[in-house]
Amino acid sequence: MSTTPQSPPWVLDQTLHHYIQRSKRAREREGESAEMEGEVKNFIKVWIVVMASLCYCYYAVARIRGGMLRLLYLLPIFYLFTILPLTLHTFHFGVTTTFFLVWLGNFKLLLFAFNQGPLSPPPPNLFHFISIACLPIKIKQDPTLNKDHKPLNTRNGKNPSYQKAKNSKQSSPNLETPSNPLTTKVSRSILFLIKALLLAMIVRAYDNRPNLHPSVILALYCGHLYLGVEIILALAAAPARAIFGFELEPQFNEPYLATSLQDFWGRRWNLMVTSILRPTVYNPTRRVSARVVGPRWASLPAVLATFLVSGLIHEVVYYYATRANPTWEVTWFFVLHGLCVVIEIVVKKAVMDRWQLHRAISGPLTIGFVAVTGAWLFFPQLLRSHLDDKIIHESSILMAFISWPLYKL
């Protein structure tokens, strides 16, 4: 008579423990997916309200004469755009919406109130208006059109100065000819894929954070910040480019190639913010300063004012991300960079291009200064709030939210 062999008790205990842990992870994954689903619903509701608000701006406010009266009618929209991101609690949805509405959207509407900026004159299409108002895009200006989108005063409908420049390029072999648009588009697509791959590698490297030196982790955070912001802005602008065929200005211009702080902040880093701060802060401050210190030095207080406003807006974005009281470190980060840019301007005017550092020296110095001051003033508040852990955790929740329906099958 044969007997069925029984498993040792420790095997049964191990199997039961494994089953319990697996069931626990499944419940956590289901709960996190439900939480992400609720956040997605809130995100959709927020943007439905945004669309309705911009319809009001396009059909009603645009009919009001530009000035203080139009600004008065826009005040409810400013209020909505400021409080709507507070209903979102995840980093990826909340901070992105904060940047698009609280910063870009409100500043564009402020310019619109006084017939300035990218929304003036209003585009001929409602969806164009909505895209320009709330997305991080800047449409390339057609040199053959004037501000009212009509051909300039020439017999063949072309801008004579543009045609003259074009003819001079064709007649001078020393001038660089424009590159093939198709080639440029392909090269940009390849570069975008490379950056996406680098971002994925950085996220993967976080698995070994306990074994990495703090300086290496900080370098990963710097790369994550740059690549993450550029990729998110590019993806946000993609619908406008694909659906409406907009020819858009680049949002970043390879900031790691900067040779000075002026070059970094003015011509390479987050150019959407630069294009908004210039007409809202820099230009008005420069006009006022010119009456006080003269046109030669009017740019100096304008630069300081622009960096100060940028720092204060970053404090607002930090509050939406962490829901913690401001520490003003990030404001000092931008004030410090503003002072350094002012020093650069003064030195350049003093030497008048008689002396200049080689880009092999000025480039690493610039990026090194940004990284060191960022470690000192830009990142500490985020690290104290454990926002880095939140971002990594949200990434896993997002993946679980996407894969959970497949897991249940």
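What share of the contacts in the protein chain with a separation of 6 or more comes from residues 24 or more positions apart? Such residues account for 71% of them, a contact being heavy atoms within 4.5 Å. The model is predicted, so local features need pLDDT of at least 70 and side-chain atom pairs count only at pLDDT 80 or more, while totals for chains, interfaces and linings use all residues. Residues are numbered from 1 along each chain as its sequence is written, and side-chain values use heavy atoms, leaving out hydrogens and water.

The protein chain has 14 helices and zero strands; helices (H or I, at least four residues) and strands (E, at least two) are DSSP runs, numbered from the N terminus. Of its 409 residues, 38% count as buried, meaning under 20% relative accessible area with a 1.4 Å probe, protein chains only.

Turning to the aromatic residues, the structure holds 24 aromatic pairs; rings of Phe, Tyr and Trp (its six-membered ring) pair if their centres lie within 6.5 Å, and planes under 30 degrees apart count as stacked, over 60 as edge-to-face and the rest as tilted. The rings of Phe-99 and Phe-100 have centres 5.9 Å apart and planes at 50 degrees, so this pair is tilted. Both Phe-99 and Phe-100 are buried. Phe-334 and Phe-378 make an edge-to-face pair, with 6.5 Å centre to centre and 70 degrees between the planes. This pair joins helix H11 (residues 329-351), which holds Phe-334, to helix H12 (residues 359-378), which holds Phe-378, 44 residues apart. Phe-334 is buried at a relative accessible area of 3%, and Phe-378 counts as buried at 10%.

Notes: Buried < 20%, exposed > 50% of the residue type's maximum accessible area, 1.4 Å probe, protein only.
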